[in-house]
Structure formats: C-alpha cells, structure tokens
Amino acid sequence: MALKVLIAGGGIAGFSAAVALRRAGHVVYVYERSALNNEVGAAIHVPPNASRALLAWGLDPVGAKFVTVKSSFRAKADTLDRFHVGTTESEIPLKSGAPWYFAHRVDLHEELKRLATEPTGPGTPATVVLKSEVVAYNADEPSITVKGGETIHGDVVIAADGIHTIAVESILGRSNPPEPSKDLYNFCYRFLIPTAAIEADPETKFWTEDDDGRMKFFVGDLKRIVSYPCRNNEEHNFVAIFHQDDVSMMKKEDWQASVDKSKLLEKYSDVHPKLLAVLSKSTEVKQWALLFRPPIPSWTKGNMALAGDAAHPMLPHQGQGGAQGIEDGVVLGIVLSGATKETAAERLKLYEKIRRNRASLIQIFSNAGQDEPELIQKDASRFMPIEKVPKNPEQFFDYNFGYDVVQDSLNHLRETEPSFELSDTFFQTPPGRGAYP
C-alpha cells in the first residue's frame, strides 16, 4: 500500500527523495518555501557516487548541459606555480561506474524536478506545493505545519529544508544551530563569468585554453579560489573561499546576498596579476557564509527523518554537498520500498544506519581542501581508522566516488530480508556498479 510522504524542501535532496519515493510506489508531496522562479546558486559537482543513480533514473546530462570532468590542477595563488596535477580524472568513469560532471545548480534542479513530477514514468507524479514554508514539525503524528497555520498529516515526513531547518530540534529535543568555523574556512564569494567575456580579452584568454572539463585550484594562506566550467563550457564558476574574522556577518547563510566586486578584488589583491585580471571580469558577486554543524547523533524519530543539509551541512571543499543529498534520496526510496506505515519507522532507522556514518565522515572531510588532509585527520578518525583517512586528492576520489549507495542499501536490507528485490520500475536502466561495498 502506498505511503503518503510529505517532503519539506524542494532542493536537490528533497527532489531526489521525491524521485526515489515516487519510483518506490508512494504518493509524494513536496512543500517548498519559495516560488521556485529565481535562479539561485551557481555551479555544482555531480560526482559518480550521485550520477550513477541519476542516470539510471533517466537524467539527461546532454539536455542539462553538464560538462564531463577531465582534468585538474592545483597552483599557488601568488605565483601560479602548479604543485599538483590531476592524473586520474579521465579514469574515474571506469573506476567508479559513472561519469563525474560539472553542472549549473539550476540545471540539475530542473532535471530532478522533471523526474519527480513528469506525468509519464512509473508511479504517481510528485505534487509540489510552492510558497509553503514549514514552521513546525510533529514527529509523533507525523505532521508538518506551514506558514499560515495549516497542519498536514502524512505517513512519513522527510525534512529536507536546509541547514536552518527546525526539524533537528524536533528529533534531538534541543536546539543545534549551525555555526561558522572559528579557525578554518568560513566565508566565500561566488560568481559566474561567461567564457566569451574571458576569451575576448587577450590578458585573460589563457584561462580557457585546454580547459574543457578542467578544475582549477589557486591556494593561499587559509584562502583559495576554485574554478570550473559549466553549461557546455559556456560559463566559468568561481568560489573564493577564505576565513572571515567578523562572525557578525554569518548569522544566516544566504545565497542571494550580493556584495560589490571591489570586496572580492580587495580580499584577493595579493594573487598573481593574471589571476586578478580574471577575477576582475566578475559582475554579480554573491557572498555566502560557510556554516558548519558537527555530525548529530540521530537523524530519525518515529516516521520522520532528516535529509540533505538538514541532516549533514558541509563546506564545499569535497564537492559532495549535493551528492550526499542525492545519496540520501536514493536510500530513502530503497528502504521504504514495500514499507507500510507500521514498518516505516524501522525502515527509517535502517536509512540512518546506512547514511549517518558516511555523511558524517564527508562532513568532516569537507572542512578543508583535499591538499590539506592534516587539518581533518584527527576529527575524521572518529569515523574511520586514522591510517585509512585519505592523504591526497586521488585517495579522496577513491573513497568519495567509489561508494555504491544502491548496493550498500540492498546489502543492509537483505540482512533482515534475504529475498528483498527492488521493483523493476525503481530504475529506468540498471545503474553502474561502484567500487565498493
């Protein structure tokens, strides 16, 4: 019998869960605070641990203008001297069972929304209710209350409404707000620059040479710039990450907050002149507080669960924030396949068992660059043996990308239900196989 599933939040994690739960045969309602008519955010990684399931659901990377990742380098920001050149990116699809993409966040979001709501395809299309901010959760019923006072009851509630969700308090019984890091990276500027604008200037044209699918890192002292192309290489995404001493600027994470580009150029005035010339091409610069909340002890209570940034907010250093939300969605769909209202709480506990350790570890990994593992080694050792903590970008790739969320979920389910099989409609085509488990 189909469950009525209420999902709070129509972001990447919310719509991933909606796709999976629709394909699992449930009736899904997505409650989103915005009108979904603003192009919010910049570019995002879609790594193999996420793209494996997305492609099997029918995501169209060509229509969405995804760029396949092909190479990378890391350089000193003041000299442009390269200290690490990626050697394994081209092998990743073979090793990990799926491609690694760069995408514009809006293009990925549109594809997920299409897969969740299109009238064709298996299951009942998800219903999206806009301008419906969730202002209260009741895990015991379970129910949500939206702004305006209406309370909606369901069989299962998934809180995927971001880092500032109030659902954490409902589950833990106490407030647990995110905070900026006092010692490490805690702030960034984000912006996109059209490729045409970079290529039109002889001083900056170097930036796009041999650049199809290339990721670039420019590293200073607790300050770095990460850039990669998106939208068929038509735009370049930039994230300038640094430590901000003034914590009063970080009360609320806000993708929309604009800042004059003079702030960017002042902050990075000590980089190489060629790099500064590229940054000068920016027009619309957004500032974004990088907030962190340490891993929490529980993600579920009764028939309610957390997903995405509501469960595991993370900094952008591993490029895994969106991917971990997609993994959450995949697992929710698998563990709730065949579930009833009476068995849903037990299945959600299994979801937490599958997801919490991995997502918590990647939260810790994400506090520093892949070229500075010494900054996260001690904290990461709470979740894995210290000798197994990755020590360079390639080892992080192997751990992050090689994980097969579908196989891991099936393995866990079959421990208690040896004959469990996913329905033929859960995936449109068989997903690629990851390296482990």
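In which sense do strand E15 and strand E16 pair, and over how many bridges? Strand E15 (residues 214-219) and strand E16 (residues 223-230) are antiparallel, with four bridges between them. Strands here are DSSP runs of E, at least two residues long, numbered from the N terminus. Two strands pair if DSSP finds at least two bridges between them. Lys216 has Ser227 of E16 as its bridge partner.

The model is predicted: local features need pLDDT of at least 70, side-chain atom pairs count only at pLDDT 80 or more, and totals for chains, interfaces and linings use all residues. Residues are numbered from 1 along each chain as its sequence is written, and side-chain values use heavy atoms, without hydrogens and water.

Both strands belong to an open sheet of eight strands. The order is E6-E5-E15-E16-E17-E14-E19-E18, and the pairing is mixed. Strand E6 (82-85) and strand E18 (258-259) form the edges, each pairing on one side only.

The structure contains 23 aromatic pairs (ring centres of Phe, Tyr or Trp, the last by its six-membered ring, within 6.5 Å; planes under 30 degrees apart are stacked, over 60 edge-to-face, the rest tilted). Phe187 and Phe242 make a tilted pair, at 5.7 Å centre to centre and 55° between the planes. Phe187 lies in strand E14 (residues 187-194) and Phe242 in strand E17 (residues 235-242), so the pair ties together parts 55 residues apart in sequence. Phe187 and Phe242 are buried (under 20% relative accessible area, 1.4 Å probe, protein chains only). One aromatic cluster comprises Phe73, Phe191, Phe206, Trp207, Phe218 and Phe238.

Note on methods:
Buried means under 20% relative accessible area, exposed over 50%, partly exposed in between (1.4 Å probe, protein chains only).
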